[in-house]
Amino acid sequence: MSGKKQGLLLVLSAPSGCGKDTVLTEISAQMPIKRSVSMTTRAARPGERDGVDYYFADEAYFLKMLKEDKILEYTNYNGHYYGTPRTAVDEWLKNGETVVLKIEVEGAGNVRRLYPDSVSIFLVPPSMQILEARLRRRSSESEEEIQSRLTIARSEMQNAPQYDYIVVNDRLEDAVEDVRAIIRAEKHKSSRCGNQLSEVLHYAES
Ligand code: 5GP
């Protein structure tokens, strides 16, 4: 049965330091997903690669992309712009792929409005104390930046009920399995299998 399924747009949000990247890396290794690479005006952290972790850009270039409607959604987070380049996402969805956007809550709200059949998951830490410890362990930010990220995290958590699913990232393996299960189930929604169904019926009738 080769009928092409409609792509699945998945939005994954989590407070900074909650482990979204680790969860996504594990999932990428276990199932085919396309991860959108965002554009940001913040500086690269040690080890981050341009074009892989983010497209690092200056503000003038980001605003030019925005003006040319090449950014699907964007936000200003902690003083820096972050946005999802449009072309790759639209292309992947057209090809029936599972596309993951790893974005914050404001952007997630915008995607929900733009793509009503997208699916959103909010990843939460087991506790705020554990989140703070994880942020400190990463030690890539100043104390001021850590405090600012914790304040943002507290306010972001208030938005969790607006997401379709909430997953607690306590044991990594469990969080990965939960997200995989959500993706698998969503891909089988009858609304996404229309083409396949028509093909089955077509064969049955011919
Ligand atoms: P970080 O600086 O820790 O890499 O990212 C800060 C926040 O911005 C995270 O919550 C991350 O998910 C979010 N973010 C990254 N890229 C985008 C994007 O393209 N759009 C939006 N709305 N948020 C993004």
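## Conventions and model

Helices (H or I, at least four residues) and strands (E, at least two) are DSSP runs, numbered from the N terminus. The model is predicted, and local features need pLDDT of at least 70, side-chain atom pairs count only at pLDDT 80 or more, and totals for chains, interfaces and linings use all residues. Residues are numbered from 1 along each chain as its sequence is written, and side-chain values use heavy atoms, with hydrogens and water left out.

Thr41 lies in the loop between β3 and β4 (55-56). With a relative accessibility of 17%, Thr41 counts as buried (buried means under 20% relative accessible area, exposed over 50%, and partly exposed in between, with a 1.4 Å probe and protein chains only). Residues up to four places away in sequence aside, Thr41 touches Ala57, Asp58, Glu59, Phe62, His80 and Tyr81, where contact means heavy atoms within 4.5 Å. A polar atom of the Thr41 side chain lies 2.8 Å from the backbone nitrogen of Tyr81. Such a polar contact is a pair of N or O atoms within 3.5 Å; within protein, one must be able to donate a hydrogen and the other to accept it, and residues adjacent in sequence count only if both atoms are side-chain atoms. The C-alpha atoms of Thr41 and Pro161 are separated by 29 Å, the two residues being 120 residues apart along the chain.

Ser38 is found in the loop between β2 (34-35) and β3 (39-40). Ser38 is also buried, at 10% relative accessibility. Leaving out residues up to four places away in sequence, its contacts are Tyr54, Tyr55, Gly83, Thr84 and Pro85.

## Ligand site

The ligand is surrounded by 17 residues, and the closest are Ser38, Arg42, Tyr54, Tyr82 and Glu104; a residue is near a molecule if one of its heavy atoms lies within 4 Å of it. An N or O atom in the Glu104 side chain is 2.7 Å from a nitrogen atom of the ligand. An oxygen atom of the ligand lies 2.9 Å from a polar side-chain atom of Arg45, and a polar side-chain atom of Arg149 lies 2.8 Å from an oxygen atom of the ligand. Taken alone, the ligand exposes 510 Å², of which the protein buries 96%; these accessible areas come from the Shrake-Rupley method with a 1.4 Å probe.

The elements that give two or more residues to the shell around the ligand are β5 and β6 (80-85).

## Helix α4

Within α4 (residues 105-114), the buried residues include Val105, Gly107, Ala108, Gly109 and Val111. Their cover includes β1 (8-13), β5 (71-77), β7 (98-102), β8 (119-124) and α6 (143-157).

## Backbone and exposure in other loops

Asp69, in the loop between α2 (59-67) and β5, has a positive phi of about 60 degrees although it is not a glycine. Asn78, in the loop between β5 and β6, likewise has a positive phi, near 55 degrees, and is a residue other than glycine. Asn78 counts as partly exposed, at 28% relative accessibility.

Ser191 is placed in the loop between α7 (172-187) and α8 (194-205). Ser191 is exposed, with a relative accessible area of 54%.
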